[in-house]
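User: Can you show me how to read salt bridges in a model like this one?

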Amino acid sequence: MREALRLAALAGDQGEVPVGAVVVVDGVIVGRGHNRPIMARDPTAHAEIVALRQAASYLGNYRLTSAELYVTIEPCAMCAGALVHARIERVVFGAREPRAGAVVSTTQLLDLPALNHRVRAEEGLLADEAQRLMQAFFRQRRSTA
């Protein structure tokens, strides 16, 4: 999660919402990502998606069945869906996202009975640090607006 926080800070420095993610298999980071939809001109370039793409490329398989994803902020519906499609074993996120979080906050997408794969979810790892990054980013944005 510390690497995800480092990536989140990098995103914030680049003017992107500070979210970072890493994909881990057997204790090794195989994918890294941070938010970059503005820079990439790509609405799907969320930290989780970027990290999943890198991990799938590295492993040579779109199914990441033994992988865990660590992300600083609760995934949105798009990213939660991608975790299911990638067959991620477990997602660990720092802070909740009360407006768009789709794991526990606005919906529990990973718990839908119709889904063909279950992703275990854990929350709260270094949540205070992740929350502080977000708050500082949006405080700065409001002060310069």
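Analyst: Start with Glu3 and Arg6, which are three residues apart in helix H1, so about one helical turn separates them. Helices here are DSSP runs of H or I, at least four residues, and strands are runs of E, at least two, numbered from the N terminus. This is a predicted model, where local features need pLDDT of at least 70, side-chain atom pairs count only at pLDDT 80 or more, and totals for chains, interfaces and linings use all residues. Residues are numbered from 1 along each chain as its sequence is written, and side-chain values use heavy atoms, with hydrogens and water left out.

User: Why does that spacing matter?

Analyst: An α-helix has 3.6 residues a turn, so residues three or four places apart point the same way. A salt bridge needs a side-chain nitrogen of Lys or Arg within 4 Å of a carboxyl oxygen of Asp or Glu. For Glu3 and Arg6, the closest N and O atoms are 2.7 Å apart.

User: Is Glu3 buried or exposed?

Analyst: Buried means under 20% relative accessible area, exposed over 50%, and partly exposed in between (1.4 Å probe, protein chains only). Glu3 is buried at 19%, while Arg6 is partly exposed at 46%.

User: Which parts of the chain does the bridge between Arg120 and Glu89 link?

Analyst: That bridge has an N to O distance of 3.3 Å. Arg120 sits in strand S5 and Glu89 in the loop between helix H4 and strand S4, 31 residues apart.

User: How many salt bridges are there in the whole structure?

Analyst: The search finds eight.
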